[in-house]
Amino acid sequence: MAARPRAARDDVLSSRPFTVLVLAATMSAAGCHGMILSSVQRERLREAQAFADRTTAAYQVAAVNVVPSIRLRTIYDPSDRSISVDPRGLDDRDWLLSLAHELGHVTLAHRHERTRDVTELRHMELDANARAIEILVRVRGWSEDDAVRRLAGYFVAANDKIRSGTRRLASGHLPPCHELDDLLERFPAVRDAPACPRE
Ligand SMILES: [Zn+2]
């Protein structure tokens with residue numbers, strides 16, 4: 001769930017083995033990306049592009065292209081204004097959360113590739129999380145409460161996966177529970193959000 005440099009939160013979060021996606025040896029009917037996507041993934045990709053279009057229009061920034069990621073990562077690349085989406089993530093019920101996070105980077109005009117300052121990169125991630133909430137409310141019509149709670153649940157699940165060793169912490173990011181703490185500080189009105197286990 002990140003822009004460059006390779007701070008893909010979805011790397012951390014998506015542990016499902018890919019059962020649907022296969023790489024096509026030839027250009028396929030699925031499009032010019034050489035991938036075969038399931039019908040659900042194709043439909044979600046269309047919805048993702050529509051969501052991106054509505055978001056960039058609402059924030060009056062240049063459009064971005066949403067494309068399936070052949071590297072199986074969800075990343076915003078400012079250099080060509082593309083959001084590569086891990087097709088496996090499109091099977092997940094929380095696929096909108098990671099896309100909203102990337103659109104957070106887009107609408108905040110983040111240029112991750114221009115800095116190596118870890119503190120600055122982490123701030124970008126935290127700001128993108130908060131902007132994701134704003135986008136889900138403004139563009140998707142979610143309540144703020146629902147958006148914060150779902151993103152909180154996402155962080156809790158990511159934390160579980162890291163602790164169990166099935167995922168690694170993505171570069172550029174604070175541990176999920178720290179990102180969750182920051183999110184809840186920014187939205188103090190939201191009560192009873194999913195919480196990380198206390199040691
Ligand atoms: Zn990010």
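The paragraphs below go through the predicted model from its overall layout to single residues.

Residues are numbered from 1 along each chain as its sequence is written. Because the model is predicted, local features need pLDDT of at least 70 and side-chain atom pairs count only at pLDDT 80 or more, while totals for chains, interfaces and linings use all residues.

The protein has six helices and six strands. Here helices (H or I, at least four residues) and strands (E, at least two) are DSSP runs, numbered from the N terminus. Read from the N terminus, the order of elements is β-α-β-β-α-β-β-β-α-α-α-α. Of the 199 residues, 39% count as buried. A residue is buried if 20 or more other C-beta atoms lie within 10 Å of its own, exposed if 12 or fewer, and partly exposed in between, with C-beta atoms placed from the backbone. Two residues are in contact if their C-beta atoms, placed from the backbone, lie within 7 Å. Among contacts between residues at least 6 apart in sequence, 63% join residues at least 24 apart.

Which residues have the most contacts inside the largest nonpolar core? They are Leu99, Ala100, Ala132 and Leu151, in a core of 37 residues. A nonpolar core is a set of buried Ala, Val, Leu, Ile, Met, Phe, Trp, Tyr and Cys residues joined through C-beta atoms within 7 Å. At least two residues of this core come from each of α2 (39-58), β5 (75-77), β6 (82-85), α3 (95-107), α4, α5 (144-163) and α6. In soluble globular proteins, nonpolar side chains tend to be buried together.

Leucine 151 touches Leu97, Asn129, Ala132, Ile133 and Leu183, not counting residues up to four places away in sequence. Alanine 48, in helix α2, is buried because 24 other C-beta atoms lie within 10 Å. Leaving aside neighbours within four places in sequence, alanine 48 is in contact with Val66, Val85 and Leu99. Alanine 48 and valine 66 are 18 residues apart along the chain, and their C-alpha atoms are separated by 6.9 Å.

Axes are lines fitted to C-alpha atoms, for helices over the stretch in contact, and angles run from 0 to 180 degrees between N-to-C directions. Angles under 35 degrees count as roughly parallel, over 145 as roughly antiparallel, 65 to 115 as roughly perpendicular and the rest as oblique. A crossing is left-handed if the near helix is turned anticlockwise from the far one by less than a right angle, and right-handed if clockwise. For the contact classes, Ala, Val, Leu, Ile, Met, Phe, Trp, Tyr, Cys and Pro count as nonpolar, Asp, Glu, Lys and Arg as charged, and the others, Gly among them, as polar.

Helices α3 and α4 pack at an angle of about 110°, with their axes 7 Å apart. The two are therefore roughly perpendicular. α3 passes α4 in a right-handed crossing. Among the residues that make the contact are Leu97, Ala100 and Gly104 of α3 and Ala128, Asn129 and Ala132 of α4. The contact residues divide into eight nonpolar, five polar and one charged.

Helices α4 and α5 have axes 9 Å apart and pack at an angle of about 140°, so α4 is oblique to α5. This crossing is right-handed. On α4 the contact uses Asn129, Ala132, Ile133, Leu136 and Val137, and on α5 it uses Glu144, Ala147, Val148 and Leu151. By class, there are seven nonpolar, one polar and one charged residues.

The axes of α4 (residues 118-138) and α6 (residues 176-186) come within 10 Å and cross at roughly 50°, so α4 is oblique to α6. α4 passes α6 in a right-handed crossing. Glu125, Leu126, Asn129 and Ala130 of α4 meet Glu179, Asp182, Leu183 and Arg186 of α6. Three of these residues are nonpolar, one is polar and four are charged.

Some loop residues complete the picture. Aspartate 117, in the loop between α3 and α4, counts as exposed because it has 10 C-beta neighbours inside 10 Å. Glutamine 60 lies in the loop between α2 and β4 (65-68) and is exposed, with 7 other C-beta atoms within 10 Å. Its phi is near 55°, a positive value in a residue other than glycine.
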